[in-house]
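Welcome! Let us walk through this structure together, one part at a time.

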Amino acid sequence: MENPILENIITLYKDKKWKEIIYFFNTCNTADTRKLLWISPTLQDISWITSIITENNLRGIVSVGCGCGLLEWLIQQNTDCDILGVEIDQSWWCSRYSPPIFLKNMIFISDPESVVEVPESYALLLCYFNNGPVFLKYLKEYKGNVIFVIGPDAGQNRYTNPLPFDQQFANHGWKLSLSKEIVLSKDYICIYVR
Ligand SMILES: C[S@@+](CC[C@H](N)C(=O)[O-])C[C@H]1O[C@@H](n2cnc3c(N)ncnc32)[C@H](O)[C@@H]1O
């Protein structure tokens, strides 16, 4: 078998065994799973995200830079809200070398500068997003009130833009509402509101 981790996840995915995917993922070395997803969330982390969705009456989430959409699919299994993924790198994510696309509701954009309209009742999600200028464009265009930012803890030698505790949010009128450590992969989820 070429990639036993991926093969196992695909088998569990076909059976919609999302909790088992999380348990399995949590036993893997993060260096081996980053091709699929940069973070290693526990069931508790996913439930925490769901509680934020419920408390804020969110009708959906738009995840920009969602990769194969595994995180988004896992969140979707635990909530009724609508989840849309946005990606730019179609040539990679649709190639035969990449993991399969897990999230069904996903769009590929072709213009690297373009920003997808996010409905007001939807949150914006940026997990290990890596395009600073486009992030700022989303901050400018987004009319809603909740942003999930997921990225590395300080000192991890991993780069994202925005970072979870990024000063850019305060500079643009956003306030850090809550944060949660993703212990296994040494990451943070931050919730910004306004
Ligand atoms: C480090 S990867 C993170 C993927 C996934 N969110 C994860 O956590 O595993 C960053 C992703 O952002 C995508 N990306 C970069 N610029 C983008 C843009 N302007 N619009 C949509 N996606 C973009 C890249 O193609 C890449 O898949």
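A crossing of two helices is called right-handed if the near helix is turned clockwise from the far one by less than a right angle, and left-handed if it is turned anticlockwise. Keep that in mind as you look at the start of the chain, and remember that this is a predicted model.

Helix α1 spans residues 4–14 and helix α2 spans residues 18–27. Their axes come within 8 Å of each other and cross at roughly 160 degrees. Angles over 145 degrees count as roughly antiparallel, and α1 and α2 are therefore roughly antiparallel to each other. The way α1 passes α2 is a right-handed crossing. On the α1 side, the contact is made by Asn 8, Ile 9, Leu 12 and Tyr 13, while α2 brings Glu 20, Ile 21 and Phe 24. Sorted by class, this contact has five nonpolar residues, one polar and one charged. As a general point, an α-helix has 3.6 residues a turn, so residues three or four places apart point the same way.

Now move along to helix α5, residues 70–77. Is this helix mostly covered or mostly open? It is mostly covered, with six of its eight residues buried. Those buried residues are Leu 70, Leu 71, Glu 72, Trp 73, Leu 74 and Ile 75.

Methods. Residues are numbered from 1 along each chain as its sequence is written. This is a predicted model: local features need pLDDT of at least 70, side-chain atom pairs count only at pLDDT 80 or more; totals for chains, interfaces and linings use all residues. Axes are lines fitted to C-alpha atoms, for helices over the stretch in contact, and angles run from 0 to 180 degrees between N-to-C directions. Helices (H or I, at least four residues) and strands (E, at least two) are DSSP runs, numbered from the N terminus. Angles under 35 degrees count as roughly parallel, over 145 as roughly antiparallel, 65 to 115 as roughly perpendicular and the rest as oblique. Two residues are in contact if their C-beta atoms, placed from the backbone, lie within 7 Å. Ala, Val, Leu, Ile, Met, Phe, Trp, Tyr, Cys and Pro count as nonpolar, Asp, Glu, Lys and Arg as charged, and the others, Gly among them, as polar. A residue is buried if 20 or more other C-beta atoms lie within 10 Å of its own, exposed if 12 or fewer, and partly exposed in between; C-beta atoms are placed from the backbone.
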